[in-house]
Amino acid sequence: MPSSPSPNISPDLSLPAYYFNRELSWLEFNQRVLEEALDPTTPLLERVKFLCITSSNLDEFFEIRVAGIKQQIENKTSDPGPDGLEAQEVFKAIHDRVSRMVQDQYRLWNEQLLPALHPPTTSAPSAVPKLPESERLWTLDFFQRENLPRPHPPGHPTPA
(Lines give C-alpha, C1' and ligand atoms only; values in the text may rest on other atoms or scores of the structure.)
Protein backbone atom coordinates (compact mmCIF):
# COMPACT_ATOMS: atom_id res chain seq x y z
CA MET A 1 0.00 0.00 0.00
CA PRO A 2 1.15 3.55 -0.58
CA SER A 3 2.51 5.36 2.45
CA SER A 4 0.07 7.27 4.61
CA PRO A 5 -0.60 10.75 3.26
CA SER A 6 0.14 13.77 5.36
CA PRO A 7 -2.96 15.46 6.82
CA ASN A 8 -2.95 18.22 4.18
CA ILE A 9 -2.59 15.96 1.12
CA SER A 10 -5.42 13.80 -0.21
CA PRO A 11 -4.40 10.32 -1.32
CA ASP A 12 -4.55 9.52 -5.03
CA LEU A 13 -7.46 7.07 -4.99
CA SER A 14 -6.84 6.16 -8.61
CA LEU A 15 -3.81 4.10 -7.60
CA PRO A 16 -4.49 0.35 -8.04
CA ALA A 17 -2.61 -0.41 -4.82
CA TYR A 18 -5.62 0.89 -2.86
CA TYR A 19 -7.93 -1.80 -4.29
CA PHE A 20 -8.43 -5.55 -4.10
CA ASN A 21 -9.90 -7.44 -7.01
CA ARG A 22 -13.50 -8.31 -6.21
CA GLU A 23 -13.34 -11.88 -7.55
CA LEU A 24 -10.00 -12.71 -5.95
CA SER A 25 -11.22 -11.26 -2.66
CA TRP A 26 -14.32 -13.47 -2.86
CA LEU A 27 -12.13 -16.53 -3.43
CA GLU A 28 -10.17 -15.70 -0.28
CA PHE A 29 -13.46 -15.53 1.63
CA ASN A 30 -14.36 -18.97 0.28
CA GLN A 31 -10.92 -20.20 1.37
CA ARG A 32 -11.76 -19.13 4.93
CA VAL A 33 -14.92 -21.25 4.75
CA LEU A 34 -12.81 -24.17 3.51
CA GLU A 35 -10.42 -23.63 6.42
CA GLU A 36 -13.34 -24.38 8.76
CA ALA A 37 -13.67 -27.74 7.01
CA LEU A 38 -9.92 -28.31 7.27
CA ASP A 39 -9.91 -27.64 11.02
CA PRO A 40 -9.77 -31.00 12.84
CA THR A 41 -11.30 -29.43 15.96
CA THR A 42 -14.53 -28.73 14.05
CA PRO A 43 -17.08 -31.56 14.46
CA LEU A 44 -17.01 -34.06 11.57
CA LEU A 45 -20.45 -33.35 10.07
CA GLU A 46 -19.84 -29.61 10.35
CA ARG A 47 -16.61 -30.11 8.40
CA VAL A 48 -18.57 -31.94 5.69
CA LYS A 49 -21.09 -29.09 5.65
CA PHE A 50 -18.37 -26.45 5.25
CA LEU A 51 -16.82 -28.48 2.41
CA CYS A 52 -20.22 -28.64 0.69
CA ILE A 53 -20.68 -24.90 1.13
CA THR A 54 -17.33 -24.18 -0.55
CA SER A 55 -18.24 -26.43 -3.48
CA SER A 56 -21.64 -24.82 -3.88
CA ASN A 57 -20.08 -21.37 -3.65
CA LEU A 58 -17.57 -22.24 -6.37
CA ASP A 59 -20.35 -23.50 -8.64
CA GLU A 60 -22.21 -20.21 -8.31
CA PHE A 61 -18.97 -18.24 -8.66
CA PHE A 62 -18.24 -19.87 -12.02
CA GLU A 63 -21.82 -19.59 -13.23
CA ILE A 64 -21.99 -15.85 -12.54
CA ARG A 65 -18.65 -14.15 -12.04
CA VAL A 66 -16.32 -16.25 -14.18
CA ALA A 67 -18.90 -16.33 -16.96
CA GLY A 68 -18.94 -12.51 -16.88
CA ILE A 69 -15.15 -12.35 -17.07
CA LYS A 70 -15.08 -14.81 -19.98
CA GLN A 71 -17.68 -12.68 -21.76
CA GLN A 72 -15.47 -9.60 -21.29
CA ILE A 73 -12.51 -11.50 -22.74
CA GLU A 74 -14.52 -12.80 -25.71
CA ASN A 75 -16.01 -9.36 -26.45
CA LYS A 76 -12.64 -7.64 -25.91
CA THR A 77 -14.43 -5.05 -23.76
CA SER A 78 -12.27 -5.37 -20.69
CA ASP A 79 -10.83 -2.17 -19.34
CA PRO A 80 -8.65 -2.63 -16.26
CA GLY A 81 -10.60 -2.48 -13.03
CA PRO A 82 -9.74 -0.18 -10.13
CA ASP A 83 -7.19 -2.79 -9.04
CA GLY A 84 -5.38 -2.40 -12.39
CA LEU A 85 -6.07 -5.97 -13.53
CA GLU A 86 -7.51 -6.76 -16.96
CA ALA A 87 -10.00 -9.60 -17.47
CA GLN A 88 -7.34 -11.98 -18.81
CA GLU A 89 -5.18 -11.40 -15.74
CA VAL A 90 -8.14 -11.93 -13.40
CA PHE A 91 -9.11 -15.12 -15.26
CA LYS A 92 -5.56 -16.53 -14.92
CA ALA A 93 -5.41 -15.59 -11.23
CA ILE A 94 -8.80 -17.25 -10.66
CA HIS A 95 -7.63 -20.39 -12.44
CA ASP A 96 -4.48 -20.60 -10.33
CA ARG A 97 -6.30 -19.92 -7.04
CA VAL A 98 -9.23 -22.25 -7.70
CA SER A 99 -6.90 -25.06 -8.83
CA ARG A 100 -5.21 -25.01 -5.42
CA MET A 101 -8.55 -24.75 -3.62
CA VAL A 102 -10.07 -27.71 -5.45
CA GLN A 103 -6.96 -29.81 -4.77
CA ASP A 104 -7.39 -28.97 -1.08
CA GLN A 105 -11.07 -29.95 -1.26
CA TYR A 106 -10.36 -33.33 -2.85
CA ARG A 107 -7.49 -34.06 -0.48
CA LEU A 108 -9.68 -33.17 2.52
CA TRP A 109 -12.56 -35.31 1.31
CA ASN A 110 -10.51 -38.35 0.26
CA GLU A 111 -7.90 -38.38 3.00
CA GLN A 112 -9.78 -37.08 6.05
CA LEU A 113 -13.55 -36.78 5.86
CA LEU A 114 -14.54 -39.88 3.89
CA PRO A 115 -12.31 -42.21 5.97
CA ALA A 116 -13.71 -40.64 9.16
CA LEU A 117 -17.28 -41.17 7.93
CA HIS A 118 -16.62 -44.78 6.96
CA PRO A 119 -13.85 -46.15 9.15
CA PRO A 120 -12.40 -49.43 7.80
CA THR A 121 -13.26 -51.28 11.03
CA THR A 122 -17.00 -50.83 10.48
CA SER A 123 -19.20 -51.64 7.55
CA ALA A 124 -22.03 -49.42 6.50
CA PRO A 125 -25.35 -51.26 6.32
CA SER A 126 -26.72 -51.73 2.85
CA ALA A 127 -29.21 -49.02 1.94
CA VAL A 128 -31.18 -51.50 -0.19
CA PRO A 129 -32.20 -54.80 1.38
CA LYS A 130 -31.85 -58.01 -0.62
CA LEU A 131 -35.03 -58.42 -2.62
CA PRO A 132 -36.52 -61.60 -3.97
CA GLU A 133 -35.76 -61.95 -7.70
CA SER A 134 -39.35 -61.14 -8.78
CA GLU A 135 -39.35 -57.87 -6.76
CA ARG A 136 -35.86 -56.95 -8.00
CA LEU A 137 -36.97 -57.38 -11.64
CA TRP A 138 -40.17 -55.39 -11.01
CA THR A 139 -38.15 -52.58 -9.39
CA LEU A 140 -35.66 -52.49 -12.27
CA ASP A 141 -38.48 -52.41 -14.84
CA PHE A 142 -40.27 -49.63 -12.91
CA PHE A 143 -37.08 -47.57 -12.71
CA GLN A 144 -36.40 -47.93 -16.42
CA ARG A 145 -39.98 -47.07 -17.41
CA GLU A 146 -40.43 -44.13 -15.05
CA ASN A 147 -37.01 -42.55 -14.62
CA LEU A 148 -34.79 -43.08 -17.61
CA PRO A 149 -34.84 -40.49 -20.40
CA ARG A 150 -37.36 -41.11 -23.15
CA PRO A 151 -36.60 -40.48 -26.80
CA HIS A 152 -38.19 -37.32 -28.16
CA PRO A 153 -38.10 -35.42 -31.43
CA PRO A 154 -35.22 -32.96 -31.90
CA GLY A 155 -36.08 -29.42 -30.85
CA HIS A 156 -38.75 -30.53 -28.39
CA PRO A 157 -38.28 -30.41 -24.65
CA THR A 158 -37.79 -33.63 -22.75
CA PRO A 159 -41.19 -34.91 -21.61
CA ALA A 160 -41.93 -34.66 -17.91
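**Entry 1: N30.** I looked up N30 and found its place in helix α1, where a helix is a DSSP run of H or I with at least four residues, a strand is a run of E with at least two, and both are numbered from the N terminus. The model is a predicted one, in which local features need pLDDT of at least 70 and side-chain atom pairs count only at pLDDT 80 or more, while totals for chains, interfaces and linings use all residues. I also noted that residues are numbered from 1 along each chain as its sequence is written, and that side-chain values use heavy atoms, with hydrogens and water left out.

N30 counts as buried because its relative accessibility is 0%; buried means under 20% relative accessible area, exposed means over 50%, and partly exposed lies in between, with a 1.4 Å probe and protein chains only. Leaving aside neighbours within four places in sequence, I found N30 in contact with T54, N57, L58 and M101, contact being heavy atoms within 4.5 Å.

**Entry 2: N57.** I then followed the contact from N30 to N57, which is found in helix α2. N57 is buried too, with a relative accessible area of 19%. Apart from its neighbours within four places in sequence, N57 is in contact with W26 and N30.

**Entry 3: α1 against α3.** I looked up how the axes of α1 (residues 22–38) and α3 (residues 87–117) lie, and they come within 11 Å and cross at roughly 10°. That makes α1 roughly parallel to α3, since angles under 35 degrees count as roughly parallel, over 145 as roughly antiparallel, 65 to 115 as roughly perpendicular and the rest as oblique. The axes are lines fitted to C-alpha atoms, for helices over the stretch in contact, and the angles run from 0 to 180 degrees between N-to-C directions.

The residues of this contact divide into 11 nonpolar, 4 polar and 4 charged; here Ala, Val, Leu, Ile, Met, Phe, Trp, Tyr, Cys and Pro count as nonpolar, Asp, Glu, Lys and Arg as charged, and the others, Gly among them, as polar.

**Entry 4: the core.** I checked the largest nonpolar core, which has 17 residues, and those with the most contacts inside it are L27, L34, L51, L58, F61, I94 and L108. Such a core is a set of buried Ala, Val, Leu, Ile, Met, Phe, Trp, Tyr and Cys residues joined through side-chain atoms within 4.5 Å. The elements that give it two or more residues are α1, α2 (44–75) and α3, and the largest share, 7 residues, comes from α3.

**Entry 5: α3 and the chain.** The buried residues of α3, including I94, M101 and L108, pack against α1 and α2. I also noted a kink of about 40° in α3, centred on W109, the bend at a residue being the angle between axes fitted to the seven residues ending there and the seven starting there. Finally, I recorded that the protein chain has 4 helices and 0 strands, and that 19% of its 160 residues count as buried.
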